[in-house]
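Please read them with the model open beside you.

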Amino acid sequence: MPDKKKIMPDHMPAMLSIFKGASINLFGTAGHLILVFGYSIFLARVLPPHDLGLYFLGFTVLSFLVVGSLMGMDLTIWRFVSLYMGEGSPERARGVVRSAFFVAFVASLIIGIVWFIGSDWLGNVVFHDEDLGLVFKIFAFALPLMVLARVFNAATQGLKIMHYQVLSKDIGEQVSKFVLSAFLLSFGLIGILFANVIAGAISMTIAFLFLQKKLSIFGRVEKSDSYLRVVAAYSLPLTFSTIFNSMLVWINIWLVGFFRSPDEVGLFSIASRVAIFGTLVLCSFNTMFSPIIADLYNRNEVDRLRILFRFVTKWIIIFSTPVFLFVVLFADPVLKLFGKEYVLAATSLIILAVGQFINSATGPVAGMVLMSGHPRIDLINNSAALALNVVLSMILIPRWGIEGAAVASAITAASVNIVRALQVFV
């Protein structure tokens with residue numbers, strides 16, 4: 001065991017860097033969530049419950065298809081840009097970004113076209129609401145825009161530059177969405193949907209300009225590597241893993257829409273959005289710490305990684321606890337901001353908050369598994385969690401509605417992260 005007195009001074013710059021990056025991410029994520037929270041209040045106030053449910057169903061399908069179109073390319077970029085820049089090879093980092101951009105862009109176009117064509121069938125047959133077809137059609141235009149924004153932001157995160165995503169996605173996209181929705185409000189739900197599409201285009205443009213500033217994708221690329229092969233080899237297991245992980249986030253909303261009514265979708269969607277505040281600190285540290293995990297593990301500096309992991313986990317727990325207590329103790333007043341009818345989701349919110357607190361208390365275990373080069377283990381974790389969530393949801397939602405969906409989600413979140421913690425320990 002290395003002498004702790006000798007190790008700690010060496011770790012102080014890394015700890016300070018993590019704290020600084022996490023602080024930037026915390027500011028961005030907090031700003032993002034506050035804007036999402038405010039935007040959700042705005043939508044709940046200006047749209048009837050049925051239209052609000054349609055919006056959330058459309059947005060959740062869009063979010064899922066963004067992940068499917070990316071096929072793990074964002075995480076692949078994140079890891080390999082960090083590795084290659086750590087080795088002093090920006091040409092190889094640029095080659096990875098360029099290959100991942102091509103794959104994600106083509107995939108998003110194909111999936112977007114298929115979604116547009118099949119939107120009426122999906123709305124009528126799966127969700128039993130003919131109005132959903134138009135919602136899906138409009139959101140299909142946002143798909144490639146959001147995918148490319150994620151690609152560009154992943155590249156700058158791999159460079160360990162965190163404030164660019166804050167400006168382009170966390171702040172820029174949300175502010176644009178809010179302003180444009182208010183401007184197009186006279187067109188009702190249709191105007192709000194088009195506001196989301198335009199905001200996606202703005203976010204993508206900002207993210208692209210930031211990437212060009214630091215690592216132009218049109219610059220020189222080292223010719224010795226087959227970057228498409230490198231990207232495909234790592235991202236193939238991630239394709240399914242990230243799809244399953246995304247489905248974990250959205251499957252409960254879809255199943256509430258399948259078994260219950262759009263009105264209940266609106267209630268559960270609001271509860272889910274408020275519960276996301278419980279992951280605020282975890283996401284902030286994860287975004288900064290993940291490239292460091294990849295870099296240290298690649299250089300076999302396991303002792304440093306172990307110490308930094310414990311450091312990060314401790315501070316996640318310290319900062320997450322007040323957020324959790326606030327959500328639980330003030331569930332009713334918070335939900336009343338959306339309208340008095342949304343207090344019906346208070347029990348669901350508290351259950352979801354418990355699951356998210358357990359998620360935070362285990363620390364950045366998901367990043368430790370994935371960024372240490374174990375995408376297949378991550379795939380097994382996410383597929384098992386998805387199966388558990390679906391089984392529990394199909395049993396509980398028909399009986400208990402949104403409370404059943406919350407129980408299924410909380411049990412799944414707690415279970416998969418406890419398993420990940422054991423894997424990291426082993």
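1. Start with Gln165. This is a predicted model, and in it Gln165 is buried, with a relative accessible area of 16%. The cut-off for buried is under 20%, so Gln165 falls inside it. Gln165 belongs to helix 8, which covers residues 163-183. Ala154 is 11 residues away from Gln165 in sequence. In space, the two C-alpha atoms are 8.4 Å apart.

2. Helix 7 deserves a look next. Helix 7 runs over residues 143-158. How many of its 16 residues are buried? The count is 15 of the 16, so helix 7 is largely enclosed by the rest of the structure. Its length also checks out. At 1.5 Å a residue, helix 7 should span 22 Å, and its end C-alpha atoms are 23 Å apart, which agrees. Just after helix 7 comes Lys160, with a positive phi of about 65°.

3. Ile292 lies in helix 12 (residues 280-298). Its relative accessibility is 10%, so Ile292 counts as buried. Along the chain, Ile292 and Gly158 are 134 residues apart, yet 9.3 Å separates their C-alpha atoms. Ser108 sits in helix 4 (residues 90-117). Ser108 has a relative accessible area of 0% and is therefore buried. Between Ser108 and Val67 there are 9.6 Å, C-alpha to C-alpha, at a sequence distance of 41 residues.

4. Now the aromatic rings. The whole structure holds 18 aromatic pairs. Take Tyr55 and Phe59: their ring centres are 5.9 Å apart and their planes lie at 15°, so this pair is stacked. The cut-off for stacked is planes under 30 degrees apart. Where do Tyr55 and Phe59 sit relative to each other in helix 2? They are four residues apart in helix 2 (residues 49-70), which means about one helical turn separates them. In an α-helix there are 3.6 residues a turn, so residues three or four places apart point the same way. Both Tyr55 and Phe59 are buried.

5. The pair is part of a wider group. Ring pairs join Tyr55 and Phe59 with Tyr39, Phe42, Phe56, Phe139 and Phe178 in a cluster. Elsewhere on the list of ring contacts, Phe116 carries a charge over its ring. The charged end of Lys137 sits there, 5.8 Å from the ring centre.

6. Helix 2 also packs against helix 9 (residues 188-214). The angle is about 25° and the axes are 11 Å apart. Are the two helices parallel or antiparallel? Helix 2 and helix 9 are roughly parallel, because angles under 35 degrees count that way. Helix 2 passes helix 9 in a right-handed crossing.

7. Two further helix pairs are worth checking. Helix 5 (residues 119-126) and helix 6 (residues 132-140) have axes that come within 7 Å and cross at roughly 140°. Helix 5 and helix 6 are therefore oblique to each other. The cut-off for roughly antiparallel is over 145 degrees. The crossing of these two helices is right-handed. In the other pair, helix 11 (residues 262-275) packs with helix 18 (residues 402-425) at an angle of about 40°, and their axes are 10 Å apart. That angle makes helix 11 oblique to helix 18. Helix 11 and helix 18 also cross in a right-handed sense.

8. Last, helix 15, which covers residues 346-361. The buried residues of helix 15 include Ala346, Ser348, Leu349, Leu352 and Ala353. Gly355, Gln356, Asn359 and Ser360 are buried too. After helix 15 comes Gly363, and its phi is positive, near 80°.

Definitions and conventions: Residues are numbered from 1 along each chain as its sequence is written. This is a predicted model: local features need pLDDT of at least 70, side-chain atom pairs count only at pLDDT 80 or more; totals for chains, interfaces and linings use all residues. Side-chain values use heavy atoms; hydrogens and water are left out. Rings of Phe, Tyr and Trp (its six-membered ring) pair if their centres lie within 6.5 Å; planes under 30 degrees apart count as stacked, over 60 as edge-to-face and the rest as tilted. Buried means under 20% relative accessible area, exposed over 50%, partly exposed in between (1.4 Å probe, protein chains only). A charge sits over a ring if NZ of Lys or CZ of Arg is within 6 Å of the ring centre and within 35 degrees of the ring normal. The expected span of a helix is 1.5 Å times one less than its number of residues. Axes are lines fitted to C-alpha atoms, for helices over the stretch in contact, and angles run from 0 to 180 degrees between N-to-C directions. Angles under 35 degrees count as roughly parallel, over 145 as roughly antiparallel, 65 to 115 as roughly perpendicular and the rest as oblique. A crossing is left-handed if the near helix is turned anticlockwise from the far one by less than a right angle, and right-handed if clockwise.
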